[in-house]
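Dear colleague,

I am passing the structure on to you below. My notes on it follow directly after.

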Amino acid sequence: MNFPEKLFACWHPVAYSKEVAKDKPYGTFLLEQAIVIWRSTAGGVHAMRDLCIHRGTALSLGWIKDDCLVCPYHAWQYDTKGACVFIPQAPAAKIPAKAKTPTYHCRERYGLIWVALKDPAYPLPEIPKLEDDNWKVVQTGPFEWKSDASRQVENFTDFGHFPWVHPGLLGDPERPVVPDYKVTRNGAILSYSVVRPEAQNSAEFPVFANSDVVKPERRSNYKLHLPYSIVLNLGWGGEKGMVYFFVSQPISPNKCRGYCIIGRNYDKDEPDTVLQNFEQVIFDQDKRVVESQRPEQVPFDFAEELHLKFDAVAMNYRRAMKAEGLSY
Ligand code: FES
Ligand SMILES: [Fe+2]
């Protein structure tokens, strides 16, 4: 696939921090590029092309030694800059200049490992609540879907489906009307707020702070950071609030992996599994529908689908992705 250059110049999540062990490389794909993530002793994370120059073996199958990544086939050693610094079969010979593998920008924040394949064009979103000790943070997923990251993130922004795909959990089929809202764009960030009907907290998943209201309404404030992240601050009019940070890893044009990190300033003693199991149910309900969408990628041409007024987020997403050079 010919992805636009700009997509390579964005930070993308590639794993939860906890998925990358101290002593073991981790292989994944980003925009169809095989990459390996590994940690050096100082704790730094490194990202490289997951390919040994010698015979094309995946370095992620290897191991870590002396702050180097060692190829599993003939044990050539690569340092944190991607240069091959030791060849056991010819220890005295000069190492050819070609003996290296490309490295990428790599950092760790919000419990995720982020990679940018080219110099990043945008900063990571700032989400102070996720770094505030008064907020309890729970990592849910990851959610691997057979769809493009654009479809997965668009599903997260969509209000119209709640009563139908998540009845009794996020929406109420008796109250399906989407209230009016306005989308504003500031460069690569779309903002919108909505007060919408929601379902009563369910007995099985008591995750929301709306239990004492008969017809609860949720106040949601969204910031959609192009291309595939969204920060949702929500509440019910009182002190209690939640923040959702959802971001999708574009693996290929029909494969993605979503990370959903949730912060709350209430029910901090509730076991993490309650929210994790709840989100697993929600994301599975969505997955079935989104994986059936054709094409697997959001079509950025308006004429290809039918948009109504309440689809303003979807329309603005298409427009903004195009304007920022991120659509394909
Ligand atoms: S293939 Fe990597 S060292 Fe030979
Ligand atoms: Fe959904």
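Valine 70 has glutamine 77 in β7 as its bridge partner. The model is a predicted one, in which local features need pLDDT of at least 70 and side-chain atom pairs count only at pLDDT 80 or more, while totals for chains, interfaces and linings use all residues. Residues are numbered from 1 along each chain as its sequence is written, and chains are lettered from A and ligands numbered from 1 in the order in which they are written.

The strands concerned are β6 (residues 68–70) and β7 (residues 77–78), which pair in the antiparallel sense over two bridges. Strands here are DSSP runs of E of at least two residues and helices runs of H or I of at least four, numbered from the N terminus; two strands pair if DSSP finds at least two bridges between them. β6 and β7 belong to an open sheet of four strands in the order β5-β6-β7-β8, with antiparallel pairing. At its edges are β5 (63–65) and β8 (84–86), each of which pairs on one side only.

Next, strand β17 (residues 255–264). Nine of its ten residues are buried, so β17 is largely enclosed by the rest of the structure. Buried means that 20 or more other C-beta atoms lie within 10 Å of the residue's own; 12 or fewer makes a residue exposed, and anything in between partly exposed, with C-beta atoms placed from the backbone. β17 pairs with two strands described here. Strand β11 (residues 136–145) is antiparallel to β17 over eight bridges, and valine 138 has isoleucine 262 in β17 as its bridge partner. Strand β16 (residues 241–252) also runs antiparallel to β17, joined to it by ten bridges. Proline 250 stands opposite cysteine 256 in β17, and a hairpin of two residues leads from β16 to β17.

Valine 183 lies in the loop between α3 (162–165) and β12 (184–186). Is valine 183 buried or partly exposed? Valine 183 is partly exposed, with 19 other C-beta atoms within 10 Å. Leaving out residues up to four places away in sequence, valine 183 touches Leu190, Tyr192, Ala312, Val313 and Asn316; two residues are in contact if their C-beta atoms, placed from the backbone, lie within 7 Å. From valine 183 to glutamine 285 the separation is 102 residues in sequence and 27 Å in space, C-alpha to C-alpha.

On the domains: the chain is divided into domain 1 (5–116) and domain 2 (128–323), with bounds that come from an automatic or database domain assignment. Their centres, taken over C-alpha atoms, are separated by 33 Å. In the interface, 13 residues of domain 1 are in contact with twelve residues of domain 2. On the domain 1 side, β1 (12–16) and β2 (26–30) each supply at least two residues, and β1 gives the largest share, four residues.

Finally, the chain as a whole. It has five helices and 17 strands. Its radius of gyration is 22 Å, close to the 20 Å that the globule rule gives for 328 residues, so the chain is as compact as a globular protein of that length. That radius is taken over C-alpha atoms, and the rule is 2.2 Å times the number of residues to the power 0.38. The C-alpha trace spans about 75 × 50 × 30 Å along its principal axes. Of the 328 residues, 35% count as buried.

Regards
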